Amino acid sequence: MATTPQKYWTPSAALVKNMQKLKDFVDFVATLDELSDADRAKVNEVKYLIENIGNPETYKNWWVCIDVFDHDIQYDVSITEGIYWRKWWVVFEDGIFEVSSEARNKNYDEESYFDCCVTFRNDFKGERIFGEVNFDAFVAEALNFRSCLTKTLNNVEVEIDIW
């Protein structure tokens, strides 16, 4: 009798353990005044999904993010330079897990401060883990995101979503 090919790659116990550090980011986002009550209600489920990241039966798409915008720099054509967006994201979508922190500026340049991608899909033929996996560094930076605020880079949006 033929077996059905496995749809998802199984990560090592060490990687799963390391990913648990990202629950601290989720807990932090849950404390932010900018988070809606509806999104705050999703915290425990996202933490459950992180705890079970090695179990494909629990997979859902989700994300947790902090975004800081400067809409004057982003949309004013007379302003020619400057950072208009800083982001700290943890996303699991369609079997791909991403952790990123970056800045975008008016010249369409991106500066990445942290970038990690783990592909759980078995139909992927490249490296499974790309980028950094020092999630302590990401969490420490994200918890200090307010230090990046300026007089105009100060529109804070946070979101937790599951779909």
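Modeller: Phenylalanine 138 touches Leu22, Phe25, Trp88, Trp89, Val90, Val99, Ser100, Ser101 and Phe114, where contact means heavy atoms within 4.5 Å and residues up to four places away in sequence are not counted. The model is predicted, so local features need pLDDT of at least 70 and side-chain atom pairs count only at pLDDT 80 or more, whereas totals for chains, interfaces and linings use all residues. Residues are numbered from 1 along each chain as its sequence is written, and side-chain values use heavy atoms, with hydrogens and water left out.

Phe138 is also one of the residues that touch the most other members of the largest nonpolar core, together with Phe25, Trp62, Ile66, Phe97, Val99 and Phe120, in a set of 41 residues. Helix α2 (residues 22-31) supplies the largest share of this core, six residues. Another core lies apart from it and has eight residues, including Cys65, Phe69, Ile73 and Tyr84. A nonpolar core here is a set of buried Ala, Val, Leu, Ile, Met, Phe, Trp, Tyr and Cys residues joined through side-chain atoms within 4.5 Å, and buried means under 20% relative accessible area (1.4 Å probe, protein chains only). Helices are DSSP runs of H or I with at least four residues, and strands are runs of E with at least two, numbered from the N terminus.

Helix α2 is mostly covered, with seven of its 10 residues buried; these are Leu22, Lys23, Phe25, Val26, Phe28, Val29 and Ala30.

Turning to the rings, a search of the whole structure finds 14 aromatic pairs. One of them joins phenylalanine 114 and phenylalanine 135 in a tilted arrangement, 6.2 Å centre to centre with 50° between the planes. Because Phe114 lies in strand β4 (residues 110-119) and Phe135 in helix α6 (residues 135-143), the pair ties together parts that are 21 residues apart in sequence. Rings of Phe, Tyr and Trp (its six-membered ring) pair if their centres lie within 6.5 Å, and planes under 30 degrees apart count as stacked, over 60 as edge-to-face and the rest as tilted. Phe114 counts as buried at 2% relative accessibility, and Phe135 is buried with a relative accessible area of 0%. Elsewhere, ring pairs link Tyr8, Trp9, Tyr59, Phe92 and Phe120 into a cluster.

Trp89, one of the contacts of Phe138, has the charged end of lysine 87 over its ring, 3.6 Å from the centre; this term requires NZ of Lys or CZ of Arg within 6 Å of the ring centre and within 35 degrees of the ring normal.

Key:
Buried means under 20% relative accessible area, exposed over 50%, partly exposed in between (1.4 Å probe, protein chains only).
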